[in-house]
Structure formats: C-alpha cells, structure tokens
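Dear colleague,

I am handing over the structure that we spoke about, and below it you will find notes on what was found. Please read them with the structure open beside you.

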Amino acid sequence: MSDSPTALRIGVLAVVAMLALQLIWHAWLFPPSANLLSTLAMTTVPLVLSVWISISNRRRGVLIGGMLCLIYFSHGVTSAWSEPSTRLLALIEIALSLLIIGASGWDARHYRRKK
C-alpha cells in the first residue's frame, strides 16, 4: 500500500509536466497560425483543472488527468505520424500520457476503501 502515494505523486508531476509541454509546444516552439489564445485554452485548461483538483484530492486529480490524457495520447500519435518537425514533442506527449494513465491505474490497483 505504500506504493500508491508515490504513484499519485508521480501522476501529479506528470500532469504538471504535460501542462508545461503544452505551453512550450503551442505557445513557444510551434505557435499556431490561427488564434493562439483559443489553442492554449483548448490544450491547457483541462490540465489546469486536473492540477487544481489534485491540490485538494490527489487521487481524483490524477484520475481526471488520466481520462484527459486519452485525448493527449491520440493527439501525440497523430502528430508523431503526420508532422516530422514535432515528432519529438509528440513522443514526449505520448510518454507523459502513458505515465499519467499508468499512475492512475497503479493507484487503483492498490486502493482499498475504508470500512
């Protein structure tokens, strides 16, 4: 049971890293040709919500982050296949998504409800 808090800490750190990756990717390295504000809102607001929830309930924040990372995983796979210039960032996005989903699953594996 001692592994579960570690998994949740790793999950929260990975969500924060995913948030930083989205900011670096879409605001700094490859800004969109259209509206930057709407792109950043779509890519970062869900992750900010997950981090905000993690402040009060780490388990729920990582769970929500894991559910959201299914979308980021799909985005990473699509970008890795279609755009060679963003392949490294897309592979990092895939790895972080799998880490967050795995941390949530590892926590669920060891979680026991209080009686």
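Leaving aside its neighbours within four places in sequence, which residues is Thr44 in contact with? The residues are Leu19, Gln22, Leu23 and Tyr72, where contact means heavy atoms within 4.5 Å.

Before going further, please keep in mind that this is a predicted model, in which local features need pLDDT of at least 70 and side-chain atom pairs count only at pLDDT 80 or more, while totals for chains, interfaces and linings use all residues. Residues are numbered from 1 along each chain as its sequence is written, and side-chain values use heavy atoms, with hydrogens and water left out.

The overall picture

The protein contains four helices and zero strands, and along the sequence its pattern reads α-α-α-α; helices (H or I, at least four residues) and strands (E, at least two) are DSSP runs, numbered from the N terminus. The C-alpha trace spans about 55 × 25 × 15 Å along the principal axes of the protein. For 115 residues, a compact globule would have a radius of gyration near 13 Å, and the 15 Å of the protein agrees with that; the radius is taken over C-alpha atoms, and the globule rule is 2.2 Å times the number of residues to the power 0.38.

Of the contacts in the protein with a separation of 6 or more, 68% are between residues 24 or more positions apart. Buried residues make up 37% of the 115 residues, where buried means under 20% relative accessible area, exposed over 50% and partly exposed in between (1.4 Å probe, protein chains only). The accessible surface comes to about 7300 Å², and carbon and sulfur atoms hold 70% of it; these areas come from the Shrake-Rupley method with a 1.4 Å probe, and for residues only the protein chains shown count as cover.

As for charge, there are 10 positive and 4 negative side chains, with the centres of the two sets 16 Å apart. Lys and Arg count as positive and Asp and Glu as negative, while His and the chain ends are not counted; the place of a charge is taken as NZ of Lys, CZ of Arg, CG of Asp or CD of Glu.

In soluble globular proteins, nonpolar side chains tend to be buried together.

Met18, in helix α1, counts as buried because its relative accessibility is 0%. Beyond four places in sequence, Met18 is in contact with Leu47, Cys69, Tyr72, Glu93, Leu96, Ser97 and Ile100.

Not counting residues up to four places away in sequence, Gln22 touches Ala27, Leu40, Thr43, Thr44, Leu47, Tyr72 and Glu93. Gln22 and Leu47 are 25 residues apart along the chain, and their C-alpha atoms are separated by 9.4 Å.

Thr44, with which these notes began, lies in helix α2 and counts as buried at 10% relative accessibility. Thr39 has its place in helix α2 (residues 36-56) as well, and at 18% relative accessibility Thr39 counts as buried. Beyond four places in sequence, Thr39 touches His26 and Pro32.

Not counting residues up to four places away in sequence, Arg59 touches Ser4, Leu8, Asp107 and Tyr111. Arg59 and Ser33, by contrast, are 26 residues apart in sequence and 37 Å apart in space, C-alpha to C-alpha.
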